[in-house]
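Here are my notes on this model, point by point. Please keep the structure open while you read.

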Amino acid sequence: MTKTQTMPTSSPKAIPLWQQWQSVVGVLQAVHNGQSTQQALADVPAALRPGVQALSYAALRQWGVARALRQLLVPRKPQPAIDALLCGALALLWQQAPASESNQSNVYTDFTLVNQAVEAAKRHPKWRHQSNLVNAVLRRYLREQAQWHADMVATSPQQEPALRNVPAWWWQRLQRDYGEQALEVVRASLQPALMTLRVNAQHMTAEAYLQQHLLPAGLQAVCNGEYGVTLMRAVPVQQLPGFAQGWVSVQDQAAQQAAPLLLAQLPEQGERPLRVLDACAAPGGKTAHLLELNPYLQVIALEVDAARAERIHDNLQRIGAQAQVLVADAGDVAAWWDGEPFDAILLDAPCTASGIMRRHPDVPWLRRAEDVPQLAAQQRRLLEAMWPLLREGGAMVYCTCSVFKEEGEQQVVAFLQRHRDAIAHKSPGHLLPTVLKTVQNAQYSDHDGFFYALFTKQTNMAA
């Protein structure tokens with residue numbers, strides 16, 4: 001039986017697949033050179049972008065296998081563009097791509113994928129002399145597909161990282177951190193994420209939004225957590241009931257746990273407003289959630305990147321909330337702090353983003369093994385900078401969107417050893433990525449990988 005690939009079309013007028021392939025090659029080369037897919041996609045014509053993104057993401061989810069197959073089929077590495085074209089096609093041919101997050105779909109047979117990859121080479125002035133190679137390699141793979149599958153599996157454990165579709169160092173780190181559970185982490189990470197919304201508690205509950213707005217609009221979804229609703233199929237935000245009015249925002253269910261965790265440790269509102277710092281705040285989802293849950297907070301949101309800080313303003317304006325947004329490095333306290341302690345601090349620290357592969361399958365191929373200790377050092381620097389700013393009795397949440405324990409559990413153990421006045425409270429710890437398996441009774445959780453730790457600062461410590 002011929003396999004098919006489910007991919008999106010970018011517009012009602014179908015764009016030839018060969019044309020999309022040419023742009024996909026550019027995206028895959030950009031990732032190889034250290035550029036994110038989002039940056040690379042910005043250079044793709046708007047009409048092509050949805051299809052190119054879906055094809056690129058599907059390829060990157062099978063990138064380890066694809067590169068190993070190409071090396072077996074063509075031991076001598078071709079020129080970079082042809083290498084990217086071959087690897088991209090082999091990735092999609094290896095097995096059916098996961099369900100796309102796009103709205104529309106088009107079914108490509110294996111024959112079409114190969115035919116159009118060859119056509120992409122023929123129609124490119126710098127690739128056409130290699131079109132025969134592309135044709136020969138891909139058609140050979142189709143003829144001998146069962147054998148290539150068997151050969152790849154037989155080479156395990158040498159090919160184990162390739163079969164897991166992560167770099168070798170990444171797989172080794174997961175095995176060290178999670179043992180036999182590492183395979184489950186990878187499998188969940190390689191599934192495309194569903195679209196999850198955070199319902200604004202100032203307007204309604206998640207259940208009310210689901211029953212009164214989503215389902216009547218023909219949008220199938222389930223409640224996911226106290227404030228979340230997960231759609232079975234993604235839609236443009238403009239199609240979401242009440243989005244422009246600030247009823248809902250797009251935010252993964254794991255990220256939605258930050259604000260409630262921090263606010264649960266705050267004291268009752270007194271005569272003065274409670275001061276809350278959201279360090280490293282862009283794009284502003286957690287800042288917004290804090291104010292949705294308690295609009296009387298005095299929130300300062302920090303972001304070192306001016307362009308990203310603008311997104312915080314935009315998100316707050318849409319939901320009708322206000323915060324003081326400062327463009328500054330949270331770690332350079334002297335440059336921005338007014339000297340008044342905070343009642344609560346949310347530190348969502350820079351990290352490897354190893355927990356959000358579901359949304360960004362380029363992440364493992366952009367990172368290097370040395371990035372983990374370097375980012376861990378940056379996290380420690382921020383923790384040390386933030387702790388003195390917290391009022392006695394105040395609360396701090398430290399979180400990262402990472403599954404690596406060096407950026408989570410191990411970071412917290414070291415922090416507590418350095419600070420005798422820090423008290424750890426019950427918190428989620430390492431949340432591993434999970435995917436939707438059933439919607440029966442709407443009792444399930446679908447979320448990215450994340451880490452949470454909650455501290456309070458002990459009062460009246462002996463000198």
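1. Start with the lining of the second largest pocket. Its residues divide into 12 nonpolar, five polar and six charged. Here Ala, Val, Leu, Ile, Met, Phe, Trp, Tyr, Cys and Pro count as nonpolar, Asp, Glu, Lys and Arg as charged, and the others, Gly among them, as polar. The lining has 23 residues, and His32, Trp63, Arg67, Lys77 and Asp83 lie nearest the pocket's centre. A pocket is an open set of points on a 1 Å grid over the protein atoms alone, where a 1.4 Å probe fits, with protein on both sides within 12 Å along at least five of seven lines; lining residues have an atom within 4 Å of a point.

2. A word on the source. This is a predicted model, in which local features need pLDDT of at least 70 and side-chain atom pairs count only at pLDDT 80 or more, while totals for chains, interfaces and linings use all residues. Residues are numbered from 1 along each chain as its sequence is written, and side-chain values use heavy atoms, with hydrogens and water left out.

3. Which helices each supply at least two residues of that lining? They are H1 (17-32), H4 (63-73), H5 (80-94) and H16 (363-366). Helices (H or I, at least four residues) and strands (E, at least two) are DSSP runs, numbered from the N terminus.

4. Now take helix H3, residues 49-60. H3 has 12 residues and reaches 16 Å from its first C-alpha to its last, close to the expected 16 Å. That expected span is 1.5 Å times one less than the number of residues. H3 is mostly covered, with nine of its 12 residues buried. Among them are Val52, Leu55 and Tyr57. Buried means under 20% relative accessible area (1.4 Å probe, protein chains only).

5. Pro433 sits in the loop between strand E12 (422-431) and strand E13 (450-457). Is Pro433 buried or exposed? Pro433 is buried, at a relative accessible area of 6%. Beyond its neighbours within four places in sequence, its contacts include Val185, Arg358 and His447. Contact means heavy atoms within 4.5 Å.

6. Finally, the whole chain. The chain has 18 helices and 13 strands. Its radius of gyration is 24 Å, close to the 23 Å that the globule rule gives for 463 residues, so the chain is as compact as a globular protein of that length. The radius is taken over C-alpha atoms, and the rule is 2.2 Å times the number of residues to the power 0.38. Buried residues make up 54% of the 463.

Methods:
Buried < 20%, exposed > 50% of the residue type's maximum accessible area, 1.4 Å probe, protein only.
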